[in-house]
Amino acid sequence: MNAWREASPTARLLLVAVLFTGLTTFMFLPLLAIELTAQGIPAGRTGFLVGLLAFSGQAFSLLTGLLVDRFGAHRVMAAGFLLRVLGYVLLGLGGAGAPAPLVAGIAAVGVGGSLLGLSTKTLLVSQEGADPRTMLALRSTFVNVGVVAGPALGAAVYPLGFGWILAACVVSHLVLGTRLVLRRSVTASRSRPAAGRAPAPAADGAPAAPWTLRQWLPLCGLGVAYWAIYSQLNVLLPITANEMTGSAAAISVVFTANGLLVVLFQYTLLRHVFRRATARTLLVLGFLAFACAYATLIPLAGWYSLLAFVVPVTLAEMLIGPSLDEQAVSAAATRRTGLALGTMSAAGALGSLFGSSAGGYLLQSARGGSEVWLLLVGSSLAAAAICLLLPKVRTRHV
């Protein structure tokens, strides 16, 4: 992979950190509710604790962006590693008889994840030697390796005890955090927040001016729309897949195929196939792919609909997620990259909350019919049209 060889040593170490923190996170995350229940914690309290983890990881996105811009991405990253290590240790000490360490540990893991995710993303898009699109594509690929392999690895280790999974999380975060914090090139990295790099040049070579609020609103709206539509994979699709196929494992097939496709094709798609396309074009294509994906579910044709759904929904994920961040980086004012990425994360949190809440209501109202899929197709097409309101900014390739 040319981009890996061309990337700076710091960028490579950051990507390795993304890989291993992702692996251990997805070893831990799918088993958390099972472990809490096994400890005798009631289902209602378990649901609250799992929700607290998601909330604490998303609710502080804007604040995290401000901290990155104010104190520098590497300091925020160090705080994220420290919080996560502390959180995993507290989870090991907590339980049904010790709720305080349990709640504190879950909150620390969530907030630490928010600090880590945004700071490493900011450092990656600010590295010399590669354009933001390439770094975002590589980051997405490495994250999805963790999404695919983490749950299987966690399932293999879990019979030895949940404590072993927590120990793996602590060790990986301690080693990677220490290595990154002590690396002088990370501290001296010429990131936008730290060095005040000018915005990327426009097509005519002149520095591009930061976007106005009027230009930011459609981008934030698209961030909300993307996560509201994508969240149906966790709300509507598992129930529908089970009903269409009669198999509870059907949704696992979808997620496994989705993760493998992202790992195999994310980088190639953005780096080579759509290398010269603008981020706005990629967003339009992504939302059109969403429309095609949900259209395949309208006939409710069992496994045929479900398998036809996988490719276009994965294409939408590969095109939209990195392109939203790329647009945010291009739109950011000097020393405001962290805030720009934090804004998109906050939009994603709002979209996930809205989509999850609305999805269940829609399924109940439609009573198993195709109306809900028609609505999602229409929403995807509307979002594709809104993409045309964005400025047409071509990414600069290094």
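Predicted model: local features only at pLDDT ≥ 70, side-chain atom pairs only at ≥ 80, totals over all residues.
Local features need pLDDT of at least 70 and side-chain atom pairs count only at pLDDT 80 or more, while totals for chains, interfaces and linings use all residues. Residues are numbered from 1 along each chain as its sequence is written, and side-chain values use heavy atoms, without hydrogens and water.

A nonpolar core is a set of buried Ala, Val, Leu, Ile, Met, Phe, Trp, Tyr and Cys residues joined through side-chain atoms within 4.5 Å; buried means under 20% relative accessible area, exposed over 50%, and partly exposed in between (1.4 Å probe, protein chains only). The largest such core holds 44 residues, of which Phe287, Phe290 and Tyr294 touch the most other members. Its largest share, nine residues, comes from α15; helices (H or I, at least four residues) and strands (E, at least two) are DSSP runs numbered from the N terminus. Apart from this core lies another, of 32 residues, including Ala11 and Leu116.

Rings of Phe, Tyr and Trp (its six-membered ring) pair if their centres lie within 6.5 Å, and planes under 30 degrees apart count as stacked, over 60 as edge-to-face and the rest as tilted. The count comes to eleven aromatic pairs. Tyr294 and Phe309 form an edge-to-face pair, because their ring centres are 5.4 Å apart and their planes stand at 65°. Tyr294 is in helix α14 and Phe309 in helix α15, so this pair ties together parts 15 residues apart in sequence. Phe309 is buried, at 0% relative accessibility. Tyr294 and Trp373 are stacked, because their centres are 5.9 Å apart and their planes at 15°.
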